[in-house]
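User: This is my first look at this model. Please take me through it one question at a time.

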Amino acid sequence: MKAIIVGFGFMGRDLARVLHEKSDVVAKFDGKFKVVGVSNSKGYIYEKKGLDLEKLLKTEALSDYGKSFNAGGSSLELIEKSGADLMVEATLTRIQDGEPGVTFIKEALGKGIHVVTPNKGPLVVAFKELTASAEKSGCEFLYEATVAGAVPVFSLVRECLQGDKVQRISGILNGTTNYILSKMYFEETSFELALKEAQERRICERDSTYDVDGIDATCKVVILANALMKRNVKFGDVERLGIRGITQEAVSLAKKANYAIKLVGTIDGNLQVAPKLVPINHPLCVHGTLNAVHLETDLAKEITLVGYGAGKESVSAVFNDVLTILKKTKSAA
Amino acid sequence: MKYDVTLALADKPGHLLKALEPIAKNGGNIISIIHEREKPAEGFVPVSLVLDFPSKWNLRKTIDDLKALDVAIIKSEEIIETTTVTLILIGKMDLKKLIETKFENTRITGFEVSAPSSKEACVKMELEVPTNLVETVLGELKRISKEENAILVSSV
């Protein structure tokens with residue numbers, strides 16, 4: 001199988017590293033697997049015989065790779081000419097319009113290329129359209145890393161809960177806000193101080209709005225609702241309140257009553273992201289940058305998954321999606 | 001609908017059986033029965049029952065039938081299933097308005113205020129709410145908190 005990586009930032013590069021370091025694992029699924037191209041906004045590298053991943057990982061910019069770098073070449077051009085069977089779309093998330101991810105994914109699926117993405121934007125904006133396109137072209141479209149990073153929520157439901165109906169989902173879906181609220185809970189710091197520390201430790205972007213105001217968690221609620229509960233919801237359908245107004249006094253009052261305040265996303269009759277009181281012995285009561293997803297289904301009843309929701313651990317989910325496609329296409333052949 | 005009913009029965013054989021007949025006849029289901037024979041008073045013993053009836057009408061009919069049989073009714077009240085709701089309100093607000101808001105069959109069982117006069121004022125409330133009214137009560141509290149520019153943090 002020939003693969004391309006579109007978007008070569010933190011995630012794209014990390015995936016290339018894992019594909020290189022775990023080439024023995026990849027070979028068990030497909031002995032002929034190779035990455036034939038990578039691209040970013042500056043251009044792309046394409047080599048029909050497959051890229052030298054060790055060399056690629058030593059570059060700082062794609063242009064350092066050498067002759068095969070096509071300066072100014074677009075990702076669409078790479079998708080067009082690469083003849084790839086699989087694309088990992090790892091461009092930056094833009095939740096306003098999902099671009100450029102939506103265009104790249106549509107293009108790939110339209111050409112019969114399987115797609116893996118950790119990019120929330122396209123799924124928030126065009127979930128139905130993209131999944132319909134994948135179905136029409138008979139392609140796999142996997143996005144495990146979009147919600148709760150390394151936590152295998154979609155894989156679990158797809159593989160292990162095939163006959164279950166998911167009735168309710170609640171979860172701590174944003175590691176940054178959980179880190180801030182945990183700091184306030186354990187160290188009795190103010191919101192402002194906890195946020196500053198999260199920024200210094202690079203857990204949070206300088207513009208904290210995306211995390212603190214619940215935008216990121218809302219995107220995940222939309223994806224979970226559409227993917228696991230067959231809903232057709234948009235970002236604006238979710239009632240959203242972030243953690244900016246949570247004071248130290250409130251956290252302390254909650255703590256005295258054996259609760260922790262957490263930013264919780266809920267999907268049932270309503271769609272909501274809001275600070276909630278979580279009993280300290282509740283399975284959702286996880287701390288630090290951990291995420292937790294609590295599923296309620298008709299047969300299995302309650303299942304909780306806990307793990308790291310962002311950062312370097314997410315590559316596990318992207319890598320597993322790639323291997324899943326290799327396995328499926330192998331068994332289909 | 002569940003009801004807590006206490007009857008005073010003559011401490012004589014057959015009287016309990018006789019008293020149970022109208023319950024069955026009017027569609028009642030006996031969930032529990034305690035025949036307190038060790039507590040007789042002037043020849044009568046209290047019998048406490050938890051009964052499930054399809055409606056209030058069935059209970060009323062049963063009570064009429066029991067009275068016709070000369071069975072004294074000591075107590076008959078609906079059992080309301082309640083849920084304890086804990087919530088925190090953040091922001092300076094009119095506490096009197098909050099406390100005086102009346103919700104059907106709801107009791108405030110806990111109330112704690114932190115820094116009431118500051119911008120960071122917080123109120124923790126514990127309410128005992130009829131289980132079927134939890135959503136309504138939370139909805140109303142949400143409306144009040146919005147009016148007061150406060151944040152409502154309810155439990156999961």
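Predicted model: local features only at pLDDT ≥ 70, side-chain atom pairs only at ≥ 80, totals over all residues.

**Loops, helices and the chain contact**

User: In which loop is A:N258 found?

Analyst: Residues are numbered from 1 along each chain as written, while chains are lettered from A and ligands numbered from 1 in written order. Helices (H or I, at least four residues) and strands (E, at least two) are DSSP runs numbered from the N terminus. On that numbering, A:N258 is found in the chain A loop between α12 (248–256) and β10 (259–267).

User: What is phi at A:N258, and is A:N258 buried or exposed?

Analyst: A:N258 is not a glycine, yet its phi is positive, about 65°. A residue is buried if 20 or more other C-beta atoms, placed from the backbone, lie within 10 Å of its own, exposed if 12 or fewer, and partly exposed in between. Because A:N258 has 12 other C-beta atoms within 10 Å, it counts as exposed.

User: Where does A:A148 lie, and is A:A148 buried or exposed?

Analyst: A:A148 sits in the loop of chain A between β7 (141–142) and α7 (153–160). Its phi is near 55°, a positive value in a residue other than glycine. A:A148 has 29 C-beta neighbours inside 10 Å, so it counts as buried.

User: What is omega for the peptide bond from A:E99 to A:P100?

Analyst: A:P100 lies in the chain A loop between β5 (86–89) and α5 (101–110). Most peptide bonds are trans. The bond from A:E99 to A:P100 is cis, with omega near 5°.

User: Which residues of α13(A) meet α1(A)?

Analyst: Helix α1 (residues 10–21) and helix α13 (residues 315–332), both of chain A, pack at an angle of about 60° with their axes 10 Å apart. That makes α1(A) oblique to α13(A), since angles, taken from 0 to 180 degrees between N-to-C directions of lines fitted to C-alpha atoms over the stretch in contact, count as roughly parallel under 35, roughly antiparallel over 145, roughly perpendicular from 65 to 115 and oblique otherwise. Contact requires C-beta atoms, placed from the backbone, within 7 Å. From α1(A), A:M11, A:D14, A:L15 and A:V18 meet A:V315, A:V318 and A:F319.

User: How are α1(B) and α2(B) oriented to each other?

Analyst: B:A19, B:P22 and B:I23 in α1(B) meet B:T62, B:D65 and B:L66 in α2(B). Helix α1 (residues 15–25) of chain B packs against helix α2 (residues 56–68) of chain B at about 150°, with 9 Å between their axes. The two helices are therefore roughly antiparallel.

User: Which strand gives the largest share of the side of chain B that touches chain A?

Analyst: In chain B, 15 residues are in contact with 18 residues of chain A. At least two residues of this side of chain B come from each of β5 (82–90), β6 (107–114), β7 (122–130) and β8. The largest share, four residues, is supplied by β5(B).

Note on methods
Contact = placed C-beta atoms within 7 Å.
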